Amino acid sequence: MLTIALSKGRILEQTLPLLEKAGLTIAKKELSSRKLILDTSLTDVQVIIIRATDVPVFVQHGAADVGIVGKDVLLEHGSNNLFEVLDLGIAKCKLMVAAESKDKLKQNTLKIATKYVNLAKRYFQNKDQSCEIIKLYGAMELAPKVGLAHCIVDLVDTGNTLKANGLIPLEHIEEISSRLVVNAASFKTKNVQIKSWTQNIEHSL
Ligand code: ATP
Ligand code: PRP
């Protein structure tokens, strides 16, 4: 049995059509049920749908053989015990530093609001910029406005959320898209099944 962990929300919407094209469908009845492990059209493949941030955790520990998750989440979590095998090119966006103006970044100790604590720390350490990270779980764009932080590190797609909150994208950290990741042990023990399944996905991109 192959267990695939899918990220809920935005990524899931774009993943399901991709999986269907690759020959794996999940019945509507399964998707709308309260079940956490879902059957698929393939008898040897089951799917779990979980929060994006939990996907690398399940894959790393082998609770799922394969996962689909944003590069942002992988950069934050780390890729210990898992391999990134395919860029799916979905849920594309950019990870950026944004503030009300460029001057706001000129601080001895820069206060940064973000949910990407590890990633932001690494980024500013590499620039020799001393910083204080304020961990938030959403609505990062609010932080500069209310004096909680000098800037934010967050995802930007259309730029509408930044604009609506008086922020400017200032520094580009990474291009983000969703990736297919595989547990290191499963990669060996279920190699044939994983390879054939991955190839199906690759051909349907
Ligand atoms: P969680 O429920 O774990 O907090 P979330 O609320 O961030 O996750 P989504 O907003 O569905 O969940 O985002 C999941 C992933 O989709 C992100 O990790 C990122 O890879 C991608 N993503 C987020 N925002 C955008 C966006 N505006 N445009 C394109 N992709 C995005
Ligand atoms: C994401 C991200 C930004 C926004 C960027 O938030 O955190 O706030 O999208 O997209 P844009 O550049 O097209 O405006 P999301 O909509 O997922 O809400 P969230 O606060 O729940 O993460």
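Colleague: What volume does the largest pocket have?

Modeller: In this predicted model, the volume of the largest pocket comes to about 1000 Å³.

Colleague: How many residues line the largest pocket, and which lie nearest its centre?

Modeller: The lining consists of 35 residues. Arg 10, Asp 72, Lys 115, Tyr 116 and Leu 155 are the ones nearest the centre.

Colleague: Which elements give two or more residues to that lining?

Modeller: Helices H1 (10-21), H4 (71-77) and H6 (160-164) do, together with strand E9 (151-156). The largest share, 4 residues, is that of H4.

Colleague: How does the lining of the largest pocket divide by class?

Modeller: There are 13 nonpolar, 11 polar and 11 charged residues in the lining of the largest pocket.

Colleague: Let us turn to ligand 1. How many residues surround ligand 1, and which are the closest?

Modeller: Ligand 1 has 16 residues around it. The closest are Arg 10, Arg 51, Asp 72, Lys 92 and Lys 115.

Colleague: What is the distance from Asp 72 to ligand 1?

Modeller: An N or O atom in the side chain of Asp 72 is 2.6 Å from an oxygen atom of ligand 1. For Lys 115, a polar side-chain atom lies 2.8 Å from a ligand 1 oxygen. The side chain of Arg 51 has an N or O atom 3.0 Å from an oxygen atom of ligand 1.

Colleague: How much of ligand 1 does the protein bury?

Modeller: Taken alone, ligand 1 exposes 630 Å², and the protein buries 77% of that.

Colleague: Now ligand 2. Which residues surround it?

Modeller: Among them are Arg 10, Ala 139, Glu 141, Asp 154, Leu 155 and Val 156. The stretch Asp 157, Thr 158, Gly 159, Asn 160 and Thr 161 also surrounds ligand 2.

Colleague: Which part of Asp 157 lies 2.7 Å from an oxygen atom of ligand 2, backbone or side chain?

Modeller: The backbone: one of its N or O atoms is at that distance from the ligand 2 oxygen. Gly 159 likewise places a backbone N or O atom 2.8 Å from an oxygen atom of ligand 2. With Arg 10, the side chain has an N or O atom 2.6 Å from a ligand 2 oxygen.

Colleague: What share of ligand 2 does the protein cover?

Modeller: On its own ligand 2 has 500 Å² of accessible area, of which the protein covers 64%.

Definitions and conventions: Residues are numbered from 1 along each chain as its sequence is written. Chains are lettered from A and ligands numbered from 1 in the order in which they are written. This is a predicted model: local features need pLDDT of at least 70, side-chain atom pairs count only at pLDDT 80 or more; totals for chains, interfaces and linings use all residues. Side-chain values use heavy atoms; hydrogens and water are left out. On a 1 Å grid over the protein atoms alone, a cavity is a set of points where a 1.4 Å probe fits but cannot get out, and a pocket is an open set with protein on both sides within 12 Å along at least five of seven lines; lining residues have an atom within 4 Å of a point. Grid points are joined across faces, edges and corners, and a volume is the space filled by probe spheres set on the points. Ala, Val, Leu, Ile, Met, Phe, Trp, Tyr, Cys and Pro count as nonpolar, Asp, Glu, Lys and Arg as charged, and the others, Gly among them, as polar. A residue is near a molecule or strand if one of its heavy atoms lies within 4 Å of it. A polar contact is a pair of N or O atoms within 3.5 Å; within protein, one must be able to donate a hydrogen and the other to accept it, and residues adjacent in sequence count only if both atoms are side-chain atoms. Accessible areas come from the Shrake-Rupley method with a 1.4 Å probe; for residues, only the protein chains shown count as cover.
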